[in-house]
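Have the sequence and the 3D view open as you read.

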Amino acid sequence: MATAILYRSKHGTTLKAAQLIQAKLHDKIIDLYNLRHHRSLDIESYDTIIIGGSIHSGKLQSDLKRLMAKKQNELLSKKLGLFLCCMEEQPKSQHQFNQAFPEILRNHAVCKSIMGGEFLLEEMNFAEKFLIKKAAGVTNSISKLKLEEIEYFAAKVNAS
Ligand SMILES: Cc1cc2nc3c(=O)[nH]c(=O)nc-3n(C[C@H](O)[C@H](O)[C@H](O)COP(=O)(O)O)c2cc1C
């Protein structure tokens with residue numbers, strides 16, 4: 001059995017989450033694809049597809065959105081997992097999740113997770129640092145990545 005994890009990550013946090021998921025899955029083949037470098041990806045040979053992205057200024061990465069629209073029917077024929085990295089807490093994070101992933105895919109997915117996020121000041125450009133300091137009062141890098149949520153997500157994919 002084969003799994004593809006398709007992700008987008010601006011500062012590395014979604015990549016970190018994707019790699020942790022990859023390490024915990026039981027399939028023989030588990031390939032990781034940064035959609036930034038794989039614009040026309042063939043997912044036919046995979047049984048399971050996991051899609052992960054992050055929220056920046058309220059939005060999921062647009063190439064993930066495009067992929068989900070273009071491959072919707074194919075995704076509905078696969079075992080599907082969806083995850084999101086973001087810094088907002090409930091209920092705003094759930095709202096962001098619902099905006100990020102189409103309802104039809106959310107209903108089809110065997111697991112859905114909001115995995116928290118990180119503010120990594122050393123990875124941000126000047127404008128991002130300014131925005132984050134102003135909007136969230138953040139002056140030091142912080143991690144709120146939920147490792148137990150990643151564990152739960154991977155266990156659920158393995159069990160489905
Ligand atoms: C400029 C900027 C804007 C952000 N906007 C949001 C937001 O609207 N909502 C949210 O929950 N998190 C927001 N975040 C937090 C990111 O979702 C968080 O940093 C996440 O871990 C980023 O993952 P990535 O490095 O994989 O892209 C923002 C972060 C930055 C740097």
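## Aromatic pairs and cores

There are three aromatic pairs here, counting rings of Phe, Tyr and Trp (its six-membered ring) with centres within 6.5 Å; planes under 30 degrees apart are called stacked, over 60 edge-to-face, and the rest tilted. Two of the pairs are set out below.

| Pair | Centre to centre | Angle between planes | Type |
|---|---|---|---|
| Phe 83 and Phe 153 | 5.8 Å | 70° | edge-to-face |
| Phe 97 and Phe 101 | 4.8 Å | 50° | tilted |

Phe 83 sits in strand β5 (residues 79–85) and Phe 153 in helix α7 (residues 147–159), so to speak distant parts of the chain, 70 residues apart. Helices (H or I, at least four residues) and strands (E, at least two) are DSSP runs numbered from the N terminus. Both Phe 83 and Phe 153 are buried, meaning under 20% relative accessible area, with exposed over 50% and partly exposed in between (1.4 Å probe, protein chains only). Phe 97 is buried too, at 2%, and Phe 101 at 1%.

Now the cores: sets of buried Ala, Val, Leu, Ile, Met, Phe, Trp, Tyr and Cys joined through side-chain atoms within 4.5 Å. The largest has 26 residues, and Leu 6, Ile 49, Ile 51 and Phe 101 touch the most other members. Another core, apart from that one, has 17 residues, including Tyr 7 and Phe 153.

This is a predicted model, where local features need pLDDT of at least 70, side-chain atom pairs need 80 or more, and totals for chains, interfaces and linings use all residues. Residues are numbered from 1 along each chain as its sequence is written, and side-chain values use heavy atoms, leaving out hydrogens and water.
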